[in-house]
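Could you walk me through some helix features of this model?

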Amino acid sequence: HRDLHSFPTRRSSDLAEEDLARNWTLSPADRIEALRCRGDDSRRRFAIQLCVLRQYGRFLGEYGAVPVRILNHISRQLRLAPVLSLERPGRPATETEQQQRLRDYLRFQTFDEPARIHLEDQLSIQVAQGVLPAQLFQCAVDSLRFSRTILPPPATLERIVSSVAASGRQDILRRIAGRLTPVQRAAIDDLLLVGEGDSRSTLFQLKEYPPEACPAAILTYVERSFLLSSLGVSQIDLSGFSTQLVDHLSQLVRKHDAQALKRFASDSRHAMLACFLADAQKTILDHAIGMHDQFLTTLCRRSRNSFEERHRDFRRRAKRRSEE
């Protein structure tokens, strides 16, 4: 999304001709509408705002940010003299009237209460389908652009997105947790405990990255795979939830230690750990197989090197005997 944060800077000297032609060219109807304004600067302002609204979905707040190349590209199309800058209109009412004309001309609607409710409904659907919070802002922008609704200030849009994301995520966590049996929930909580003789929780051990391949390490990972099977991880039902969402919740568990996870609400904690365990069941077995392959490869290499060394030694002794 190209919002006003990507608006060309005042010093843009590398603004390509293609950009000018694509984003700042007025149609014959555009020029007729702009020339209805009284005064040259008013016509320039109208044309600039027309291009900005069409391109970015909102109005430009500061005319001084418009690069000279864009300003004069617009002026040439309106058969107006070139200028170095453009000021705000003297009367605020003039700006308000122009914005209303632009909304009517481009058939944009204001971001009012019905538009906000509609946006929240659309975002809620996206969250339910597994769209992550980081992607939700773009979904909001796309939805408003599609409905030809003028974008509210970024801070307002971010608040709406954050609120819907938080509410939607809690609903998803409740749904995942609701599929767990009491036995599975208790087993998940046990993973956060530190057993006698251990310095770390079982969860911490499950999050460890595999060490160098050796029989003891391979056995440890095989035992962890059996542990997950005994917990009934394969029976955890995550159908209907996107892989991307499950991965996201699993990564959240990796970012928190056992003590931090204990402070989460039970539904949130159990759902996040369920996603982590479902992911860990695959990765731990993959690690065990990978270490096994690595260990066998190392043994084969050592055996080959030992054989070649003994063969070279045999040839050296044979050569000495033949020379004697």
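This is a predicted model: local features need pLDDT of at least 70, side-chain atom pairs count only at pLDDT 80 or more; totals for chains, interfaces and linings use all residues.

Residues are numbered from 1 along each chain as its sequence is written, and side-chain values use heavy atoms, with hydrogens and water left out.

The helices below (DSSP runs of H or I, at least four residues, numbered from the N terminus) are these:

| Helix | Residues |
|---|---|
| α4 | 68-77 |
| α6 | 113-128 |
| α7 | 133-146 |
| α9 | 182-190 |

Let's start with N72, which sits in α4. N72 counts as buried because its relative accessibility is 13%; buried means under 20% relative accessible area and exposed over 50%, with a 1.4 Å probe and protein chains only. Beyond its neighbours within four places in sequence, N72 is in contact (heavy atoms within 4.5 Å) with P82 and V83.

Next come α6 and α7, whose axes come within 10 Å and cross at roughly 135 degrees; axes are lines fitted to C-alpha atoms over the stretch in contact, with angles from 0 to 180 degrees between N-to-C directions. From α6, L119, Q122, L123, Q126 and V127 meet L136, C139, A140, S143 and L144 of α7.

Finally, α9 buries Q184, A187 and I188. Seen down the axis of α9, these buried residues fall within an arc of 100 degrees (taken from the directions from the helix axis to the C-beta atoms), so they line one face of the helix. The face turned away from that buried side carries the exposed P182 and V183.

Methods
Helices (H or I, at least four residues) and strands (E, at least two) are DSSP runs, numbered from the N terminus.
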